[in-house]
Amino acid sequence: MAVLDWLSDLGYMGIAIGLMLEVIPSEIVLGYGGYMISQELIGFTGAVIAGTIGGTIAQLFLYWLGFYGGRAVLEKYGKYILINKHHIDLSEKWFNKFGPGVIFSARFVPVVRHAISIPAGIARMPLIKFTLYTIAAIIPWTIFFLYLGIVLGENWAGVKDAAKPFIVPISIIALGAGTVYLLAARKTKQ
């Protein structure tokens, strides 16, 4: 893939840019990053940092779209960033039901993971809180897919299939953590 070769030439910056643009799914970009680590083209720590920065900036972009553009703009133009009305509806439902803590746990749930930033912006969630929850979730996501890319080596393109058995348990754990957070937050408010 020409895009991945270009990202490879950029090294750490390529990982960050690949995640910021989201033209290629993050799992593929990070899996390829793991392959680059296995070939000793880049280091693991630098790749985690680049992945965290790129993933966070991508989510901040969606947050700001929600914050400044609102739902109407996203419904009209979201298709250009691969977000449709269903994604917005589902993520808004989750955000309204579970509160800001869902920013962390939803990052591990397919479909909702990217779109959850939009209702956070629409709801005017404090930017620092949003960013901290986002980074806390992006770090393990980045490490997981880099690791899979390292293990798969030359077969890095199969990273999505290799991750499938782990996604449901990770989603359940993340949702459980989100539920515990929600219950603790409600208890401290009383």
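Which residue lies over the face of F67? Hi everyone, the answer is R124, at 4.0 Å from the ring centre. A charge counts as over a ring if NZ of Lys or CZ of Arg is within 6 Å of the ring centre and within 35 degrees of the ring normal.

Before going on, a word on the source. This is a predicted model, where local features need pLDDT of at least 70 and side-chain atom pairs count only at pLDDT 80 or more, while totals for chains, interfaces and linings use all residues. Residues are numbered from 1 along each chain as its sequence is written, and side-chain values use heavy atoms, leaving out hydrogens and water.

Back to F67. Ring pairs link F67 with Y63, Y68 and F130 into a cluster. Rings of Phe, Tyr and Trp (its six-membered ring) pair if their centres lie within 6.5 Å; planes under 30 degrees apart are stacked, over 60 edge-to-face, and the rest tilted.

The structure holds six aromatic pairs. One of them is Y32 with Y35, a tilted pair at 5.7 Å centre to centre and 35° between the planes. Both tyrosines lie in helix α3, three residues apart, about one turn of the helix. Helices here are DSSP runs (H or I, at least four residues), and strands likewise (E, at least two), numbered from the N terminus. Y32 and Y35 are both buried; buried means under 20% relative accessible area, exposed over 50%, partly exposed in between, with a 1.4 Å probe and protein chains only.

Finally, V23 sits in the loop between α2 and α3 (26-38). V23 is exposed, with a relative accessible area of 66%.
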